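Trainee: I would like to take a close look at one part of this protein, the salt bridges and what surrounds them. Could you walk me through it slowly?

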Amino acid sequence: MTRRIGLLGGTFDPVHYGHLRGALEVRDCLDLDEVRLIPSARPPHRDQPGATAQQRLAMVRLAVGEQSGPHGGLVVDDRELQRNKPSYTVETLESLRGELGNTVTLFMILGWDAFCGLPAWHRWEELLQLASLVVLQRPEQDQDLPEVLKDLLAARSINDPRQANAQHGQILCLSQTPLAISATHIRALLAGGQSPRFLLPDAVLDYIETNGLYRPLYRRI
Ligand code: ATP
């Protein structure tokens, strides 16, 4: 049978239960063999992350460690840290296609906010030649969809996950269990000296505390 692989790229600054739950629900809904979490080394579309690429990768590894085993299906893919240049998703997909071949079915998973920003991405129109898109609703979403994406949705979207069988080129919008968790909020809690516990795995929070991440500078001294 054709392998079905989900891909969730992100800054993961830090990884949290919104990412992990989303990955798991897409895996189950689309009957995927695995979902790869792919930390971005140098995100081209945003400010410099609060943690280094190696620290963000380490946190994703810790988070996925809790999900490993026969029912896990979440895997960490560090290929963007191996490249010494900005992390363009289209190049990541090309590299995955080069490695996995054209017969695997690839699903690129995006939150609604990321999907709305797609037209600013490098060579974005080629993404659908390499993978299908799975767009996750986010409870706090307030972005309007650009016209060009409305047209794309009209042309490419499918309503039934059971139709998600093309190797690439389809768009499926899914509602996951709504979790109004964002890395921005977690960083703000930590910067304000409050606890983000229960918004992210304990192992990730322990790592943040051990390494003094996201604290105002005066607290690190
Ligand atoms: P930040 O607040 O720093 O922008 P974030 O919480 O949005 O970070 P990212 O690493 O930027 O996290 O997100 C990676 C991907 O996961 C994006 O496509 C994003 O839309 C999606 N995502 C993040 N949090 C959620 C959530 N709570 N529910 C659904 N999708 C999410």
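Is Arg-21 buried, partly exposed or exposed?

Mentor: Happy to! Please keep in mind that this is a predicted model. Arg-21 counts as partly exposed, because its relative accessibility is 37%, and the range for that class lies between 20% and 50%. Its salt-bridge partner is Glu-25, and the closest N and O atoms of the two are 2.5 Å apart. Glu-25, at a relative accessible area of 18%, is buried. Both residues belong to helix α1 (residues 17–30), where they sit 4 residues apart, so about one helical turn separates them.

The side chains of Asp-77 and Arg-36 meet in a salt bridge, at 2.9 Å from N to O. Asp-77 is in the loop between β3 and α3 (79–82), while Arg-36 is in strand β2, and the two are 41 residues apart. Both Asp-77 and Arg-36 are buried.

Strand β2 takes part in another such link. Arg-3 and Glu-34 form a salt bridge through their side chains, with 3.8 Å from N to O. Arg-3 lies in the segment before β1 and Glu-34 in β2, so this pair ties together parts that are 31 residues apart in sequence. Arg-3 counts as partly exposed at 37% relative accessibility, whereas Glu-34, at 13%, counts as buried.

These two pairs belong to something wider. Arg-3, Glu-34, Arg-36, Asp-77, Arg-79 and Glu-99 are linked in a network of salt bridges. Across the whole structure, a search finds 16 salt bridges. As for the general idea, side chains of opposite charge can pair when their charged atoms come close.

To place this network, look at the sheet. It is an open sheet of 7 strands with parallel pairing, in the order β3-β2-β1-β4-β5-β7-β6. The strands at its edges are β3 (74–76) and β6 (157–158); each has a single partner strand, so one side of each is left without a neighbour in the sheet.

Helix α4 (residues 89–100) lies across β1 (4–10), β2 (34–39) and β4 (105–111), and runs at about 135 degrees to β2. If you trace the network again, Glu-99 is one of its members.

One more pair is worth a visit, this time of rings. The structure holds 1 aromatic pair. Trp-112 and Phe-115 form this pair, which is tilted, with 6.1 Å centre to centre and 50 degrees between the planes. Both residues lie in helix α5 (residues 112–116), 3 residues apart, which is about one turn of the helix. Trp-112 is buried, with a relative accessible area of 14%, and Phe-115 is buried too, with 0%.

Technical notes. Residues are numbered from 1 along each chain as its sequence is written. This is a predicted model: local features need pLDDT of at least 70, side-chain atom pairs count only at pLDDT 80 or more; totals for chains, interfaces and linings use all residues. Side-chain values use heavy atoms; hydrogens and water are left out. Two strands pair if DSSP finds at least two bridges between them. Contact means heavy atoms within 4.5 Å. Axes are lines fitted to C-alpha atoms, for helices over the stretch in contact, and angles run from 0 to 180 degrees between N-to-C directions. Rings of Phe, Tyr and Trp (its six-membered ring) pair if their centres lie within 6.5 Å; planes under 30 degrees apart count as stacked, over 60 as edge-to-face and the rest as tilted. Buried means under 20% relative accessible area, exposed over 50%, partly exposed in between (1.4 Å probe, protein chains only). A salt bridge is a side-chain nitrogen of Lys or Arg within 4 Å of a carboxyl oxygen of Asp or Glu.
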